[in-house]
Number of protein chains: 2
Amino acid sequence: MSTATATAAVPPYSELLGQLGSVCEDRGLPGLAGRLHDLQSWISSDMAGFEEVLATVPRGASVVHRSAHHLLDLGGKHLRPMCVALAAKLGSGFGPGARQLAVAVELIHNATLLHDDVIDLGDTRRGAPTARTVYGNAASIFAGDWLLIEALKRVQAAKQPGLLDRTLATIEEMIQAEALQLENRGRVNGVREDYFRVVEGKTAALFRWGMYAGAAAGGLDETVRESLASFGMKLGMAFQLVDDVLDFTGNSQVTGKALFADLREGKMTYPLLLALERQPGVRKAIESIVALAPDQPIPDLLTSEVLQVLDSTNGVRDCMALAKDSAREAIECLASVPEGSGRDALVTVAEATVYREK
Amino acid sequence: MSTATATAAVPPYSELLGQLGSVCEDRGLPGLAGRLHDLQSWISSDMAGFEEVLATVPRGASVVHRSAHHLLDLGGKHLRPMCVALAAKLGSGFGPGARQLAVAVELIHNATLLHDDVIDLGDTRRGAPTARTVYGNAASIFAGDWLLIEALKRVQAAKQPGLLDRTLATIEEMIQAEALQLENRGRVNGVREDYFRVVEGKTAALFRWGMYAGAAAGGLDETVRESLASFGMKLGMAFQLVDDVLDFTGNSQVTGKALFADLREGKMTYPLLLALERQPGVRKAIESIVALAPDQPIPDLLTSEVLQVLDSTNGVRDCMALAKDSAREAIECLASVPEGSGRDALVTVAEATVYREK
């Protein structure tokens, strides 16, 4: 529960940016570290406003409310709401409507996590027991349903013409991506097309939505909205590719997630996809890990074989390179966005994403 | 799979009304039987229109689509869509917007069933294996999520001001009722207030929504819409009370559901609530049945004890009496509705509801 206490003291976005800043310092990137620091100051009152509206999500005694708040109270990174805020600030600012949309994107994200944890039988999330282990699978399913409805109520409250339709389409895309991931689960499917469809749907689509929604609430014109939506898509892709890398190289104390967790759940990650393409013989080791029962430790021999192949095939290195490409493409999407601190902030976020360690 | 085949040939609503007509004939109610026959003719082209729109729900290869259509294809009774149609016909008719709403109410209903079956570990539904037993729990969860989104898209497409907000509020009410049922599950909770909150939320609220939505699409004024919504609420209550009775007296060949199924899942039904109030000693037998593993048959001694107490305490009889009261109250809600075949049809539905055997 230490994570929950820590995030209560320091806002999650702030913890994330601060930690990213330290990483950049350590890597000899003082310029980026300085810009992250500026970003933190620039956005702090907006994010405090977001936290205030997030705190208005009803908190009743029912097991549904308690399951949902169990997860929400663990904080997360609040990166998606930050996208909404940054996009809105490019226009008329992060006003009440945009704040509702920032809460909506966070609730949609948490709704999918509540359902995912039931599906994956996940035991820990954000360094704490999952809602399903505390309140049961049934409560976690209903809590996900509830947060989805709460999110949609907030999209409605923001009164942006056409935005609810876009929200429904995005959620549908997310569900289809989750379904594709589910169908491929445990199959060690090294099909590139499937991999990118899953990542676009389950991760990038919601970043895209957040940027679009913030831009709409900020009163930006349709061209800029779409540019920002594309930025969000590319940023989300970079974000997921880094997540994939962290499954093999992360510090579980920092990420709050065990190493090889995606692999054990039979979820294809990009480094593995590259390793399979370049050294198909590794399939057997991967399949053996996927076949392990959740409580069985991974034999050291298998761990070292997979890590060695990821190294010799440059799987991890090239995944990180693709994440950087994606972040660069995100920045290219900002060409039509007027120069200024708003655009600078987005550039900073995209550049820093590839350095995150949680 | 015989049920699936049968419902493919005869539309579900038609099968239901025909069967209700036969029951009424058998019970010496030729008048009501005749009116049911008239209702069937009166609504047949509308319900065919509904089936056409229902058939447009996308049918892809994904496991989500297949799970959802597994359930949808088994038909159900289509009573909720019929409510939408009947309400719309009181106004300008069952046009394209109203048809979308009729599909929406059916999709919301099916979405809850897909999640419920995962939560209750249900193996059969509508006389066939549940989607979760065929495609797995995960697919069933995502299929429920998907149908909910599809339903909301249709509510949006119907373009009725304020209706989406009402839909979200209704779904939230359903989730909270399911949560309350979940919290009380297996506890043999004989608290009247909880029982009625669960029934109102999980069953009656969606009937209420269907009547309101149909009335709105039919262009009826707000007073009539609200009267029809109240009618729907009372009808839904009567519907659920009959469902409760069928858990003890139903023919599982007809209902598609095993006897004592609700009881085994630890769900409180009204006959049991009455039995517990009037003969508290029956609690032990009830708890023993709830405690059985799903594959354990109920010992004959327990079955006969519960049935005997339900008889001696008039639990089943008084549940049916309350269903009839509720149906009568539904009809009283129609006082402000102009006389004519539309109103007659609603009276027929309310009167016949208490005779249903499936």
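Predicted model: local features only at pLDDT ≥ 70, side-chain atom pairs only at ≥ 80, totals over all residues.

**A loop residue and what lies beyond it**

Modeller: Val282(B) sits in the loop that links helix 14 (270-278) to helix 15 (283-291) of chain B. Leaving out residues up to four places away in sequence, Val282(B) touches Ala275(B), Leu276(B), Val306(B) and Val309(B). For a sense of scale, take Lys153(B): 129 residues from Val282(B) along the chain, with 48 Å between the two C-alpha atoms.

Most residues other than glycine have a negative phi. His78(B) isn't a glycine, yet its phi is positive, about 60°. It belongs to the loop between helix 4 (63-72) and helix 5 of chain B, and it counts as buried because it has 24 C-beta neighbours inside 10 Å. Over in the other chain, Asn314(A) also has a positive phi of about 60° without being a glycine. The loop here runs between helix 16 (300-312) and helix 17 (315-332) of chain A. Asn314(A) has 15 C-beta neighbours inside 10 Å, so it comes out as partly exposed.

Now for the helices, starting with helix 3 of chain B. This one covers residues 30-54, 25 residues in total, and spans 33 Å from first C-alpha to last, close to the 36 Å expected at 1.5 Å a residue. There's a bend of about 50° at Ser44(B). Its buried residues include Leu32(B), Leu36(B), Ile43(B), Asp46(B), Met47(B) and Phe50(B). Among the elements covering the buried residues of this helix are helix 2 (12-26), helix 5 (79-89), helix 6 (96-119) and helix 18 (341-353) of chain B.

In the largest nonpolar core, which has 248 residues, Ala85(A) and Ala85(B) touch the most other members. Setting aside residues up to four places away in sequence, Ala85(B) touches Ile43(B), Asp46(B), Met47(B) and Phe50(B), along with Phe94(B), Ala98(B), Ala102(B) and Gly214(B).

In chain A, have a look at Gly232(A), within helix 11 (residues 222-249). It counts as buried because it has 31 C-beta neighbours inside 10 Å. Beyond four places in sequence, Gly232(A) is in contact with Cys83(A), Phe207(A), Arg208(A), Gly210(A), Met211(A) and Tyr212(A). With Tyr212(A), the separation is 20 residues in sequence and 8.0 Å in space, C-alpha to C-alpha.

Last, how the chains meet. On each side the contact involves 28 residues, 28 of chain A against 28 of chain B. On chain A, helix 4 (63-72), helix 6 (96-120), helix 8 (137-158) and helix 9 (163-184) each supply at least two of the residues that touch chain B. Helix 9 gives the largest share, twelve residues. By class, this side of chain A has 18 nonpolar, four polar and six charged residues.

As for symmetry, a rotation of 180° with 0.0 Å of shift along its axis puts chain A on chain B, with an RMSD of 0.0 Å. That is the relation of a two-fold axis. The copies meet through the same surface, because 100% of the interface residues of chain A are also interface residues in chain B.

Notes. Residues numbered from 1 in each chain as written. Chains lettered and ligands numbered in written order. Contact = placed C-beta atoms within 7 Å. Helix = DSSP H or I, 4+ residues; strand = E, 2+ residues; numbered from the N terminus. Nonpolar A, V, L, I, M, F, W, Y, C, P; charged D, E, K, R; others polar. Expected span 1.5 Å × (residues − 1). Bend = angle between axes of the 7 residues up to and from the residue. Buried ≥ 20, exposed ≤ 12 C-beta atoms within 10 Å, placed from the backbone. Core = buried A, V, L, I, M, F, W, Y, C linked by C-beta atoms within 7 Å. Least-squares fit on C-alpha atoms with pLDDT ≥ 70 in both.
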